[in-house]
Amino acid sequence: MISARIAHDGDLLLIAPVRGLASEADRLLAELEAYGPTVVGFGLSPEELRGLTEYFVRADAEPVVPLTGNETAEVRGLVRFGEARVPNPATVEGLRWAAARSLPAEPLDPSDDRAASLFAEHIGYVELVRRTVRERRVARNPPTPSTPDEFALAWDREIARGAGSRALATARNRHLVRQARALVERGGRVAVVVDRERFDGVRGLFEGPLPPEMGDA
């Protein structure tokens with residue numbers, strides 16, 4: 001996990017746990033406790049946040065979650081660093097932490113419909129085929145770096161290295177930063193939680209002026 005205070009945007013803490021690794025949940029909660037936010041933003045769509053809240057945060061029993069082949073391979077790659085779970089335990093525990101303190105938990109990513117539109121705008125046929133091939137390749141042979149952070153970065157780098165995939169990631173991150181800045185403008189202390197591989201891109205956007213919107217919000 002990595003975190004940073006973002007001075008450019010007032011009182012904001014950016015936290016990026018490794019997706020799926022159970023031990024990252026405790027590290028995230030320690031960061032939140034130390035910072036004491038008044039609102040927590042998550043790198044989730046509104047639909048994802050509602051689903052996690054309904055089925056995992058408020059539910060008495062967690063439902064069975066079917067995994068894609070890619071998710072199964074990612075979990076198998078992570079278990080060398082400790083227990084791994086789906087959905088992302090850091091996100092679920094972060095939502096529980098906010099709910100227990102009656103703090104707002106805000107989705108910062110585009111809606112599912114807008115995300116689908118962004119995917120269609122940035123991922124053409126050739127990139128889709130290449131991305132699918134890369135996903136299958138990394139699922140068969142997961143990276144084997146020495147730390148969870150390096151694993152998360154290597155996994156994402158293998159799948160999303162195409163120009164269209166990079167443009168899609170930037171569009172998602174721009175939307176997230178705009179939404180987070182809107183929270184800052186309302187006042188208070190804002191914590192933003194994203195997956196580890198998004199940290200550098202999101203931090204770079206926070207620390208500089210965003211370009212004019214070009215269909216990415």
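A residue is called buried here when its relative accessible area is under 20%. By that cut-off Thr 53, with a relative accessible area of 14%, counts as buried in this predicted model. Thr 53 belongs to helix 2, which covers residues 46-57. Leaving aside residues up to four places away in sequence, its contacts are Arg 58 and Leu 95. Beyond residues up to four places away in sequence, Glu 74 touches Arg 19, Phe 151 and Trp 155.

Five strands form an open sheet in the order 1-2-5-3-4, and their pairing is mixed. Strand 1 and strand 4 (105-107) lie at the edges, each pairing on one side only. On average, neighbouring strands of the sheet are turned by 20 degrees against each other, direction ignored. Helix 8 (residues 163-185) packs on this sheet and touches strand 2, strand 3, strand 4 and strand 5. The direction of helix 8 makes about 160 degrees with that of strand 5.

The pairing can be followed strand by strand. Strand 1 and strand 2 run antiparallel and are joined by four bridges; Ser 3 has Ile 15 in strand 2 as its bridge partner. Strand 3, in contrast, runs parallel to strand 5, with four bridges between them, and Val 39 stands opposite Val 190 of strand 5. Strand 3 is also parallel to strand 4, to which three bridges join it; here Gly 41 stands opposite Glu 106. Both faces of strand 3 are covered, with Val 39 and Gly 41 buried on one side and Val 40 and Phe 42 buried on the other.

Helix 1 (residues 23-35) can be checked for its length. At 1.5 Å a residue, its 13 residues should span 18 Å, and the end C-alpha atoms are 19 Å apart, which agrees. The buried residues of this helix are Glu 24, Ala 25, Leu 28, Leu 29, Leu 32 and Tyr 35. Viewed down the axis of helix 1, these buried residues fall within an arc of 135 degrees, so they line one face of the helix. On the face of helix 1 turned away from the buried side are the exposed residues Asp 26 and Ala 34. After helix 1 comes Gly 36, whose phi is positive, near 65 degrees.

What do the buried residues of helix 1 pack against? Their partners are strand 1 (2-5), strand 2 (12-16), strand 3 (39-42), strand 5 (190-193) and helix 4 (89-100).

Conventions:
Residues numbered from 1 in each chain as written. Predicted model: local features only at pLDDT ≥ 70, side-chain atom pairs only at ≥ 80, totals over all residues. Heavy atoms only, no water. Contact = heavy atoms within 4.5 Å. Helix = DSSP H or I, 4+ residues; strand = E, 2+ residues; numbered from the N terminus. Expected span 1.5 Å × (residues − 1). Buried < 20%, exposed > 50% of the residue type's maximum accessible area, 1.4 Å probe, protein only. Arc of directions from axis to C-beta. Pairing = 2+ DSSP bridges. Axes fitted to C-alpha atoms, helices over the stretch in contact; angles between N-to-C directions.
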